[in-house]
Amino acid sequence: MDLQLKNETAFISGSTAGIGYAIASQLATEGAKVIINGRSAARLDAAVEKLKSETGNTDVSGIIADFSKSEDIEALLLQLPAVDILINNLSIFEPKPFIEITDEDWLRFYNTNIMSGVRLSRAYISGMLQRNKGRIIFISSESGVFIPEEMIHYGVTKTAQIAVARGLAEMTKGTNVTVNSVLPGPTLSEGVGQFVEQLAIDQNITIEQVKKDFFKNMRPTSLLQRFLLPEEVANMVTYLVSPRASATNGAAIRVDGGLIKSML
């Protein structure tokens, strides 16, 4: 199926690895003009070259920005004043007992996970509405519905992303602009992979045993009973940003392996 994404301009925040990179790869494969983002010049340059090599699309570039800093976002917007597709993918996570989460932790998660997408969406949505064309996606999480005891602050920011996306969608009535959120389940991204490896070391067990125990004890409602691959999340995102998904707006789309048990 042709997803009709050739020559569309797409920006993906936090995209040198994991879900963000997988989305960038699929959009580049579809012929979009892709701009990725990272905080390290070395990692960003390496990811750009890898994307070009893997996809055959030479219209891939990168912009360095730390999205916890409003001044970095302002600098990025000067370089990239308009986009057709905005993927608010950047997020941080950190398992931590609730009583140990400081005010500074809460504010850091809020500023990074929520405000990065708010600032970018605020900058780009007016142009999309004027052109009567555009897509905004917030990469939320099943943790926005199934708030994890081990990282409540993360879950709260993911709930907020769903709310922001729905509110922005209300602004798009009668237009060809859509705003949706995607809720991945536990995904074997770079950060999660490192977390799993560290647990295996700490507990002196195999990585496979850590994965098995995770779904047995921490995410027992998962129907998939395994970590998702970043590409599996990217499959859904690539469809949603295409003209083929024109009737999907204001939705919170699950790619969670059946973890959330509610039907609605």
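Two strands pair if DSSP finds at least two bridges between them. The views below show a predicted model.

View 1. In E7, Ala252 is the bridge partner of Ser181. Strand E6 (residues 177-184) and E7 are paired in the parallel sense, over four bridges. The sheet to which they belong is open and has seven strands, in the order E3-E2-E1-E4-E5-E6-E7, with parallel pairing. E3 and E7 are the edge strands, each of which pairs on one side only. From one strand to the next, the twist averages 20°. Helix H4 (residues 103-131) packs on this sheet and touches E1, E4, E5 and E6; the direction of H4 makes about 165° with that of E4.

**View 2. Strand E6 and the crossover from E5.** E5 and E6 pair in the parallel sense over six bridges, and Arg135 stands opposite Thr178 in E6. Together, E5, H5 and E6 make a right-handed β-α-β unit. The helix of this unit, H5 (residues 152-170), lies across E5, E6 and E7 and runs at about 160° to E6. Strand E6 is mostly covered, with eight of its eight residues buried. On one side of E6 are Val177, Val179, Ser181 and Leu183, and on the other are Thr178, Asn180, Val182 and Pro184; both faces are covered.

**View 3. Strand E2 and the crossover to E3.** E2 and strand E3 (residues 60-64) pair in the parallel sense over five bridges. Asn37 stands opposite Ile63 in E3. A right-handed β-α-β unit is made by E2, H2 and E3.

View 4. Ile36 has its place in strand E2. Is Ile36 buried or exposed? Because its relative accessibility is 0%, Ile36 counts as buried. Leaving aside residues up to four places away in sequence, Ile36 touches Phe11, Ile12, Ser15, Ala24, Leu44, Ala47, Val48, Leu51, Ser61, Gly62 and Ile63. Leu51 lies 15 residues from Ile36 along the chain, and the C-alpha atoms of the two residues are separated by 9.9 Å.

**View 5. Helix H1.** At 1.5 Å a residue, the 12 residues of H1 should span 16 Å, and the 17 Å between its end C-alpha atoms agrees with this. H1 is mostly covered, as 11 of its 12 residues are buried. The buried residues of H1 include Gly18, Tyr21, Ile23, Ala24 and Leu27. Just after H1, Gly31 takes a positive phi of about 95°.

**View 6. The nonpolar cores.** The largest nonpolar core has 33 residues, of which Ile23, Leu27, Val34, Ile87 and Val237 touch the most other members. Among the elements that each supply at least two residues of this core are strand E1 (9-12), helix H1 (18-29), helix H2 (41-55), strand E4 (85-88) and helix H8 (230-240). H1 contributes the largest share of this core, seven residues. Apart from this core lies another, of 22 residues, among them Ile35, Leu120, Phe138 and Ala169.

**View 7. The contacts of Val237.** Which residues does Val237 touch, not counting residues up to four places away in sequence? The contacts of Val237, counted in this way, are Ile23, Ile87, Ile137, Ile139 and Val182. Val237, Ile23 and Ile87 are also among the residues that touch the most other members of the largest nonpolar core.

Notes
Residues numbered from 1 in each chain as written. Predicted model: local features only at pLDDT ≥ 70, side-chain atom pairs only at ≥ 80, totals over all residues. Heavy atoms only, no water. Core = buried A, V, L, I, M, F, W, Y, C linked by side-chain atoms within 4.5 Å. Buried < 20%, exposed > 50% of the residue type's maximum accessible area, 1.4 Å probe, protein only. Contact = heavy atoms within 4.5 Å. Right-handed = clockwise from strand over helix to strand, strands pointing away. Expected span 1.5 Å × (residues − 1). Axes fitted to C-alpha atoms, helices over the stretch in contact; angles between N-to-C directions.
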